[in-house]
Amino acid sequence: MSEPIADVPAWARTHRARFELEPLVELIEDRQVQVGLTVFLYARFPMQEKEGARRRAQVEEIVLGLRDILQQLQPGSDSAARMQIQPFRPAAVLSPQSGMEPEVAVEARFFHSGDYTKEVTREEKDKLLSGIRHGLTAAGLREGQWAP
C-alpha cells in the first residue's frame, strides 16, 4: 500500500478488522511480571480470491493497512512506553472470535522504553489500555468479535 487508507473506519468495516489485548508477561527472577501489553489486530483473509499472486498481494495490502493503523498508536516522545510491531507470519489465523473464518493477524507489543523488564504500574496499564482502546475503536476496529 503506497498511500494511507483514506477512510479507515470504512476500511475496517470492509475487512471486519478487530483487535484483542493481552498482558505482556515475562518470567523475571522466578516470578511472572507484566512488563506491558500485546495488541493483536485481525482482518478477514481474502478467501474470495483464488490462491496465487493476486491473493498474496491482497494479504500484503491488508497487513500494511493493519500496520498503518498500529502506527497511529505509536507513543509520543514524552511517553515512557515503546511500541514494537512484530514481524508478519504469513499464515491465516482461525479463532472462535471470528467464527473460525480465516484472518490475517498483526501483533504489536507495548513496554517501557528504557527497561523492558520493568513491571508496569496499575496507572500505566490503565492509561495504555484506555489510549489503545480509544485509538482502535475510533479507527473502526471492534474489540473481540464482530456481531454475526
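**Exercise 1.** Work out whether F111 is buried or exposed.

*Solution.* Start with the cut-offs: buried is under 20% relative accessible area, exposed is over 50%, and partly exposed is in between (1.4 Å probe, protein chains only). F111 comes out at 6% relative accessibility, so F111 counts as buried. Now try Y116: at 30% relative accessibility, Y116 counts as partly exposed.

A quick note on what you're looking at: this is a predicted model, where local features need pLDDT of at least 70, side-chain atom pairs count only at pLDDT 80 or more, and totals for chains, interfaces and linings use all residues. Residues are numbered from 1 along each chain as its sequence is written, and side-chain values use heavy atoms, with hydrogens and water left out.

**Exercise 2.** Find out how many aromatic pairs there are, and classify them.

*Solution.* Rings of Phe, Tyr and Trp (its six-membered ring) pair if their centres lie within 6.5 Å; planes under 30 degrees apart are stacked, over 60 edge-to-face, the rest tilted. That gives two pairs. F40 and Y42 have ring centres 6.4 Å apart and planes at 20°, so this pair is stacked. F111 and Y116 are edge-to-face, with 5.0 Å centre to centre and 70° between the planes.

**Exercise 3.** Which residues does I132 touch, leaving aside neighbours within four places in sequence?

*Solution.* Take contact as heavy atoms within 4.5 Å. I132 is then in contact with L21, L37, V39, L73 and F110.
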